[in-house]
Structures are given as C-alpha cells and as structure tokens.
Amino acid sequence: MTGPISDLSATTDRPPAAAWRNLVMATLGFGLTFWAWNLIAPLAGDFDDRLHMSSSAQSLLVAVPVLVGSVGRIPVGALTDRYGARLMFPLLSALTIVPVLLLIPAKSSYGALIAVGFFLGLGGTTFAIGVPLVNAWFPPAHRGAALGVFGMGMGGVAASGYFTPRMFKHSENLPFLVLAIALAVYAVLAALLINDRPGRPIPSTPLAQRLAQAGRLRVTWELSALYAIGFGGIVAFGVYLPTYLKTWYELSPTDAGTKAAGFAVVTVVFRPIGGWLADRVHPAVVTSFALGVVALLAVVQAFDPALTPGATICLLVMAAGLGTASGSVFALVARVTPQPQVGSVTGIVGAMGGLGGFVPPLVMGAVYSAKNSYSIGFMLLSDLALAGCVYAYGRMRDAGRGAPAEESRAGVSEKVPG
C-alpha cells in the first residue's frame, strides 16, 4: 500500500510541463518590464548634462517610477487574483509601451521626464502578476526555487544598466524604440502562451475587501518589513548606484552603468539561490544570515574604501546578500499565505519592497547635498539590515513550519493539472 501512495505523492510533487512554460514566460515578461521600469536611472547622468539638475532633483527623477511601480503592485496583485495572469501580463506589458515611447519627446524637459516617469512605474507592477502565477503552478517542494528563478527577471535592471546607455550613445531614440518593439512582441506571445492553472481559486469578494483581508494578516506586514530591506536595497542600488559611482568615484556614465549592471547581475544570480536554500532550510534562517552579511559590509563601505578592490568586493557581496534575502522572503510568502490571497499579499509585500527602494535614493541625495558624503546612508542601511537579521531569526523562523508538507498531502487528492 505504501508503494502506490508514495508513487502518487511523487507524481503530485513533480511540476507539470505547463508550469515550466509559464515560469519562462513570466520571467521574460518580468525582465522586459523591469528594463522599462529602470529606463531613466542609467540615463540620469546624460539627462543631467543637458538639464543641469541638482543631486536631489536627480534622485527624485529616478525615484518616481520606483514609487509608482511599488504602490501599483497592490491593486495589480489583487486584480491578478481575480482575473489571472493570462489577462494581466499581456495587458500591463502593452500599456508599458506608451511611457517608453513618450520618453523620446520628454527627454529635454525635467517636468516631462517626471510625468513620464510616473507612468513608467507600470513596468514595476508585473512582479505582483508573476508571483501568484508561479505559486499556483508549482508544488510546495519546488516553489522556493521556482520563485527564485522568476525573480531573475530582476536582470532587466542589469540589462538596462548595461545596454541602455550604450544604445543611447549610438542613437538617443534607439533604446526606447528597441524596448517598445520587444514589449509589443512579448505582449502577443504572452497572450498566446501564458495560461492560469485550471481550477485555481477565484475570489468573488470585492477588491477592497480582499486587500483589507490581506492587510489584517500579521504575516503580511512582517514579510513586508523584511522585503523592504532585501528587495528595497536592490531597487535602491539599481536606481542610485550609477549616480553614486559617477559622483563619488568619478566614473563616466557608461562605466558607472556597467558596474551597476554587474551589481544587478549578482542579485539576479543569488535570488534563485536564496529560494533554493529556502526549500531546504527555513526561509527565515536564510533571510537572517543574508541580511547579517549585508549589515557587516555596509559598515565597511561607509568608510569609503578604494573602488578596487575594496568597494567592488563590498558592493558585490552586499548584492549577493540582498539577492539571497529577496529569494528567501518570497519562499516564505508562498509557505504561509493561503492560495486565494497570494496575489493580494504579494501586492502589499511587493509594494513595501519597492517603497523600500524609493526612500534611500532620496536620502542619499539629500545627505550628499548636505554633508558631501554617503557614509551616513550606508550606516543607515547597516542598521536596517541588522534589524531585519535579528527579527527574521528571532520571530519568523517557526512561521509556516509544516505547511509545505500539509499542502503536499492535500495535493494527493487534488493533483496539479498539467
């Protein structure tokens, strides 16, 4: 009797072929829309040469898309619970084309750039579409790694940092035209290839009520705080690191963008590692260790080491820690959140993560304007990372224990459709 039951459990725990197709499409869409979301940051130095912005004005310019994309995840996550990723992914990808193309006439006016940056925030909302899609298709034993792979879509930030300034240097309109075409092609492919898991629970309650229910879960805000530190740190570095390297280490905009892209690549590589570790060790323990590493290295960077090798090592190891923490936190979301509420909780947690990236560029710009130093900003990052390290280990390491096993047993009677 144990033989058949074991075989059935093994079959249930194996992701169906459709799961991998949807994971690939979700990751690709996430990457392209994140490239769009981060279009302004790599070009901020070029815009500054033309518009002569102050440090604070430049920080605001790169932070506006982050704010809108972060807050927008809340309704987008709830709408994904209701209407599914098959509708939401192609729709949001197609809508993002509009602000991407509007950057062509807007690049000579600061006010126009701020306005277009507001709508460019649409690109940052797709995170709240992909997480519930991947979470629904993959069984519990594989969710951490799958969500980590989906998180590699953050590589859109790295691609933007590397390719956008080079294409802009070749032709000022080229990066916007190339990305608009890529988004249009993806929107068509997504409409054809993405499909929601058959039989997924569809909430019937109004959007506001579902968000209120997600907001009443204590774990929503605990996860939000941890993700604001982990992913917020990634977003903050992604949008402000080119400015920091250009201002403090006197690099050219292209070199600064290239090194910032290297930072983003490391976060992308370590995000699935964080998810993979979270499938084997409790996600809170992985998160705690990763944030502890970030806290230590942020203190070292606050003392302004030389770019080579000191600052390079510090920044890359911090990237690894932040990437690992981001992957493990969302493995924890999948572990403790009821399936019908994953989109709503993801929207709130993702919003807090993005908002965690909105504030630091403004703080760094203001501190540098006032003190001509970035050290205070790095010490604040260290304090936050240390607080997250202690909280994750002290309060979260027992959260959701046994949940994957229980859900796997439930899956014996309700097989994931393939």
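**Exercise 1. Is Ile-74 buried, partly exposed or exposed?**

Solution. The model is predicted, and the values below are computed from it.
Step 1: locate the residue. Ile-74 belongs to helix H4, which covers residues 55–83.
Step 2: take its relative accessible area, which is 21%.
Step 3: compare this with the cut-offs. Buried means under 20% and exposed means over 50%, with partly exposed in between. Ile-74 is therefore partly exposed.
Step 4: Ile-74 and Leu-241 are 167 residues apart along the chain, and their C-alpha atoms are separated by 27 Å.

**Exercise 2. Find the salt bridge of the structure and describe where its partners lie.**

Solution. Step 1: count. The whole structure contains 1 salt bridge.
Step 1: name the partners. Arg-218 pairs with Glu-222, and their closest N and O atoms are 2.9 Å apart.
Step 2: check the distance against the cut-off. A salt bridge requires a side-chain nitrogen of Lys or Arg within 4 Å of a carboxyl oxygen of Asp or Glu.
Step 3: Glu-222 has a relative accessible area of 12%, so it is buried.

**Exercise 3. Which residues other than glycine have a positive phi, and where do they lie? Treat Glu-250 and Asp-304.**

Solution. Step 1: start with Glu-250. Its phi is positive, about 55°, although Glu-250 is not a glycine. Glu-250 sits in the loop between helix H12 (218–248) and helix H13 (253–280). With a relative accessible area of 70%, Glu-250 is exposed.
Step 1: turn to Asp-304. Its phi is also positive, near 55°. Asp-304 is in the loop that runs between helix H14 (283–302) and H15. Asp-304 has 26% relative accessibility and so counts as partly exposed.

**Exercise 4. Which two residues does a cis peptide bond join?**

Solution. Step 1: read omega. The bond between Thr-308 and Pro-309 has an omega of about 0°, and it is cis.
Step 1: Pro-309 is part of helix H15, residues 307–336.

**Exercise 5. On which side or sides of helix H11 are its buried residues?**

Solution. Step 1: list them. In helix H11 (residues 207–215), Arg-210, Leu-211 and Ala-214 are buried.

**Exercise 6. What is the volume of the largest pocket, and which element gives the most to its lining?**

Solution. Step 1: give the volume. The largest pocket has about 440 Å³.
Step 1: find the residues around its centre. The lining has 20 residues, and the closest to the centre are Ala-236, Gly-356, Pro-360, Leu-381 and Leu-384.
Step 2: sort the lining by element. Two or more residues come from each of H12, helix H16 (342–371) and helix H17 (375–395).
Step 3: pick the main contributor. H12 gives the most, with 9 residues.

Key. Residues numbered from 1 in each chain as written. Predicted model: local features only at pLDDT ≥ 70, side-chain atom pairs only at ≥ 80, totals over all residues. Heavy atoms only, no water. Helix = DSSP H or I, 4+ residues; strand = E, 2+ residues; numbered from the N terminus. Buried < 20%, exposed > 50% of the residue type's maximum accessible area, 1.4 Å probe, protein only. 1 Å grid on protein atoms, 1.4 Å probe; cavity = no way out; pocket = protein on both sides within 12 Å on 5 of 7 lines; lining within 4 Å. Points joined across faces, edges and corners; volume = space filled by probe spheres on them.
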